[in-house]
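Here is a short report for a reader new to this structure. Please keep the view open while reading.

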Amino acid sequence: MATPIVRRNDSQPSHSNAPTQTNSLPLVTRRLAAWTAEISLVVVSGLIPFGLGAYANSRSDLNRVPLNPVLVVTERAIARPLALPVSYGIPNVAWPTNYLWMLALIAPVTLSWWQLYLLAKTGSTLPKRWFGVRVVNDQGKAPGLGAAIAREGIGRLSVPVSIAYILWRYSFAFPNLGLFTFLAVLMVLGESVALSSRQGRRALHDWLAGTETIDAKRQNGRSALVKTGEPEAPNATEVSLAPVSATDAKLPTLWRRMQQNSNLALFAVTLASMSAVLAALIGTQVYIQKQQTQRETSQINSQKFLEFVKQLSPNSGASLEERQSAILAMGGLNDSQSIQFLADLLVNETNPVLLNSIQQALTNVGIPAIPELKNKNQFLANELQSAAPQERESWQKRLQLNQQTINKILNVYSGKINGLDLTRTTLSQTSTNGSPLFNLVLENIDLSGLKLKAADLNQASFKGSRFRSMGEDGRWDTYDDAIADLTQVQMKQANLTDANLSRVLLTGSDLSRATLNRANLESARLIGANLSSAQLVGADLRNAVLENTSLTGADLGDAKLNEANLYAARLGRVIAIGTQLSFANLTKTDWQGADLSGAYLDHANLSNANLSTSRMTGAVLRSAQLENANLRNADLSFVDLRGANVAGADFKDTIIAPSKQDPADQFVETPDTGTVSAVVKGVDFSQAKNLDAKQLAYICTQGGIHPRCP
């Protein structure tokens, strides 16, 4: 039986008896307002717990725990397509932050599915009800879950955002995230508003799902029309009673159009089938030919390998030159059995001339030889540890040859070792009396992406080398940046002068007494690392994470640690003259006996820090947080404390009044006497602890605030 189709004529005026102010707006405007409200609810449900989590993470009185692995995986999943730099490893956050950020992840997803369920079952979400709009299918009913997913997930979001992403990804402005956001919003708005605003046209998401957005106040009359075929009241929309079968009325719009063009659909299916069969035949032939070529090459190489092995056997009678030629030729085979044989030969051969040829052959093999050399390296290192004293020298020489070969390969193939795994490899060796037997030397080369977790690199030299480089996209700070992994590495006394270690993982690494002058460690992760007595003069550590790091006795002169995170770091006896620590997190740090003369600590968080017996002459502490800081016996003469929070700070025996400068101490510039009066002006010392009479007198005369001031 034929079922009538209802077509609305938007050009005719509506005559609602009692329209509200909201429903008097045009339908397109209300649709946009409802959609904006839906998106806003989802965004706000995530932003509120995220903001609370960020605030909790900034608190110094909360225990730190590793970030939830689910959040780590989510961060990386988001960072990859958006070309954002990712935080490698698992950072530490305040314990409430984990729960709040998980809520920030779950709440938007839950709210989105809830809105989708309401749309599928009732045709309206809460915002759509507020603005008097409803989504229906061709029968005037709620669209159902499948149509709702197609409408919202594919048509409204996936298609326009994908177009925006492609335009952004291959534009000149990539990886500017602001441009992508602008393009995505523009595409979504264009798809939703531009098409649907034209008379007689539906937006892509409605066309795909076979739905239509209507005025909810007119829905009752329209639904009755669809079911009975009766005309609406005189003030309703125009009705067209074109007959359509009941079966066709239930089909989605796209499928019905395919039925109406059966010849075109048949041609498309036939063409697709023929293309698939042809592609399968060609692919099969190419695969068979490739496999056959590989088998033939493997057979030829196996025959050559056996000939070389026979020639290198002790009873072959081959001359030294012939043996050298066989070794070098075997390196040219570049297959697994040749590499393994050469690595074994490197361990067992004693002739210096042949050993040199073996090293040359393995170097020609290059990166594919590294895994086998790594295995031999670990074997030799273990044997050396358990060897008897009379056998140690022999094992030391074998390990040294292995280390030299790895060193040569890394030098030759600079910039081509991204992802190469040298985890736990021993690349340092010293004799029983402490003299070096082998030091790794990789200077001014590209070591980006090299994995050296828990490797032994003591006394190695990496002067000017790069441990981070741009990825395939040729841009910095994107997801595919090649970044080395130096987690838990042993680099005692290593030379990393002028090295680029930006964003490199150095969690738990031992860099004690290492030289890192002028090294780039921006945003590097040094959680729990040991930098005791290290040289970091002029180093760039901006935004670096140094939580629980030991910097005892290190030289940080003129280093940049702006916005760095040094939570609970140990900095006793540090030399930090002129060091930039603006906006740094120095909560619970220990600076006992440190020299911070002329350092920039403005807006730094020094809550609960131990600055006892430290020297801070001429340091800038404007707007710094010094709550509950230990300043006992510290020298704060000429320090600029304007705007600082000193509540609970302990000033017992602290020098805050200027004293006559030692003529021999001319390297620290102090302000003129006329400017001294401003250093504590306006600073509230009401809650400071252990202020003596002399300190109070100076505070009051220089404009400080205290209840005992006249």
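Where is the place of Asp-653? Asp-653 sits in the loop between S10 and H17.

## The loop between S10 and H17

The model is predicted. In it, strand S10 covers 482–483 and helix H17 covers 693–701. The loop between them holds Asp-653. Phi of Asp-653 is near 60°. That is a positive value in a residue other than glycine.

Phe-583 lies in the loop between S10 and H17 too. Its phi is positive, about 60°, although Phe-583 is not a glycine.

## H13 against H14

Start with helix H13, residues 336–348, and helix H14, residues 352–365. H13 and H14 pack at an angle of about 145°. Their axes are 10 Å apart. The crossing of H13 and H14 is left-handed.

Which residues make this contact? H13 brings Ile-339, Leu-342, Ala-343, Leu-345 and Leu-346. H14 brings Leu-355, Ile-358, Gln-359, Ala-361, Leu-362 and Val-365. By class, the contact of H13 with H14 has 10 nonpolar residues, one polar and no charged.

## H13 against H15

H13 also packs with helix H15, residues 370–386. The angle is about 30°, and the axes lie 9 Å apart. Angles under 35 degrees count as roughly parallel, so H13 is roughly parallel to H15. H13 passes H15 in a right-handed crossing.

From H13, the residues in this contact are Ile-339, Gln-340, Ala-343, Asp-344, Leu-346 and Val-347. They meet Glu-372, Leu-373, Lys-376 and Leu-380 in H15. The contact of H13 with H15 divides into six nonpolar, one polar and three charged residues.

## H15 against H16

H15 has a further partner in helix H16, residues 392–412. What is the angle between H15 and H16? H15 and H16 pack at about 155°, with their axes 9 Å apart. Angles over 145 degrees count as roughly antiparallel, and H15 and H16 are therefore roughly antiparallel to each other. Their crossing is left-handed.

On the H15 side, the contact uses Ile-370, Leu-373, Lys-376, Asn-377, Phe-379, Leu-380, Ala-381, Glu-383 and Leu-384. On the H16 side, the residues include Arg-392, Trp-395, Gln-396, Arg-398 and Leu-399. Asn-402, Gln-403, Thr-405, Ile-406 and Ile-409 of H16 take part as well. The contact of H15 with H16 has 10 nonpolar, five polar and four charged residues.

Now turn to the strands. Strand S7 covers residues 428–430, and strand S8 covers residues 436–439. In which sense do S7 and S8 pair? The pairing is antiparallel, over three bridges. Ser-428 stands opposite Asn-439 in S8.

The hairpin of S7 and S8 has five residues between the strands. Gly-434 in this hairpin takes a positive phi near 95°.

## The disulfide

How many disulfides does the structure hold? There is one. It joins Cys-700 to Cys-709, with S to S at 1.9 Å. The angle about the S-S bond is -85°. The link of Cys-700 and Cys-709 is left-handed.

Terms used:
Residues are numbered from 1 along each chain as its sequence is written. This is a predicted model: local features need pLDDT of at least 70, side-chain atom pairs count only at pLDDT 80 or more; totals for chains, interfaces and linings use all residues. Side-chain values use heavy atoms; hydrogens and water are left out. Axes are lines fitted to C-alpha atoms, for helices over the stretch in contact, and angles run from 0 to 180 degrees between N-to-C directions. Helices (H or I, at least four residues) and strands (E, at least two) are DSSP runs, numbered from the N terminus. Angles under 35 degrees count as roughly parallel, over 145 as roughly antiparallel, 65 to 115 as roughly perpendicular and the rest as oblique. A crossing is left-handed if the near helix is turned anticlockwise from the far one by less than a right angle, and right-handed if clockwise. Contact means heavy atoms within 4.5 Å. Ala, Val, Leu, Ile, Met, Phe, Trp, Tyr, Cys and Pro count as nonpolar, Asp, Glu, Lys and Arg as charged, and the others, Gly among them, as polar. Two strands pair if DSSP finds at least two bridges between them. A disulfide is a pair of cysteine sulfur atoms within 2.5 Å.
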